[in-house]
Amino acid sequence: MTALNLPVLLGTNRKDRLSVFVARWIVDQMTRRADIETRLFDVADFALPQDNYGTALTDSFPEWRDAIVNADGLVIVSPEYNHGYPGTLKAVLDLLLKEYIHKAVAFVGVSAGPWGGTRVIEAMVPMVRELGLAVTFSDLNFPYVERTFDKNGKLLDSAFEPRAKDFLDELVWMAQILRWGREHLPSKYHDSK
Ligand SMILES: Cc1cc2nc3c(=O)[nH]c(=O)nc-3n(C[C@H](O)[C@H](O)[C@H](O)COP(=O)(O)O)c2cc1C
């Protein structure tokens, strides 16, 4: 199997965001695997206009467009903001539509509280379904994130390593079967590669 192409999207541009530690850590875990190629996208790097929205802007963000065109799936790292996802994350996801269809998505939830973003992940499921993404059922949750990393972003709890392995194994399985489907099964939503 050639390596699966699975970019990571960090979903918040909040100053002093702790989710950045989580995003860098999961990218590092993914980079260590021979079956995954990845790179980090950060919503803070998207110069989103105030006077337009959605797929009208697709070609203004060619790096993101091409990354998703070539992707087999996506990892979304999102903090929980009032049990929901940041508006900036939604605005970046809404830049594309057909490019996501029949690809896998896996969620990493981040929270200050005890639930590790469980509620924001539940909120994202119906939204990504409308994008045509297929959701894995193994999430990775980071509760109490302020005490899970030190101030330099070093993970303080090694228990996350086997959890990340299970999370990524499931994403790889889903992304692989969907790649096979895109390549072998005709669909009106995409050309078979
Ligand atoms: C607007 C806002 C709403 C928040 N709502 C929640 C929440 O519903 N549940 C929770 O556990 N933490 C909540 N938090 C705390 C975040 O989970 C916390 O900041 C954590 O560090 C992850 O977000 P960050 O990447 O912005 O740091 C909220 C933070 C902000 C800024």
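A salt bridge is a side-chain nitrogen of Lys or Arg within 4 Å of a carboxyl oxygen of Asp or Glu. This is a predicted model: local features need pLDDT of at least 70, side-chain atom pairs count only at pLDDT 80 or more, and totals for chains, interfaces and linings use all residues. Residues are numbered from 1 along each chain as its sequence is written, and side-chain values use heavy atoms, with hydrogens and water left out.

**Exercise 1.** Find the salt-bridge partner of Asp 66, and state how exposed both residues are.

*Solution.* Step 1: the partner is Arg 65, with the closest N and O atoms 2.9 Å apart. Step 2: apply the classes: buried is under 20% relative accessible area, exposed is over 50%, and partly exposed is in between (1.4 Å probe, protein chains only). Step 3: Asp 66 has 35% relative accessibility, so Asp 66 is partly exposed. Arg 65, at 21%, is also partly exposed.

**Exercise 2.** Explain which parts the pair Arg 179 and Asp 72 ties together.

*Solution.* Step 1: their side chains form a salt bridge, 3.1 Å from N to O. Step 2: Arg 179 sits in helix α5 (residues 160-184), and Asp 72 in the loop between α2 (62-69) and β5 (73-79), so the bridge links parts 107 residues apart in sequence. Helices (H or I, at least four residues) and strands (E, at least two) are DSSP runs, numbered from the N terminus. Step 3: both Arg 179 and Asp 72 are buried.

**Exercise 3.** Classify Glu 80 and Arg 119, which meet in a salt bridge (2.8 Å, N to O).

*Solution.* Step 1: Glu 80 has a relative accessible area of 14%, so Glu 80 is buried. Step 2: Arg 119 has 33% relative accessibility, so Arg 119 is partly exposed.
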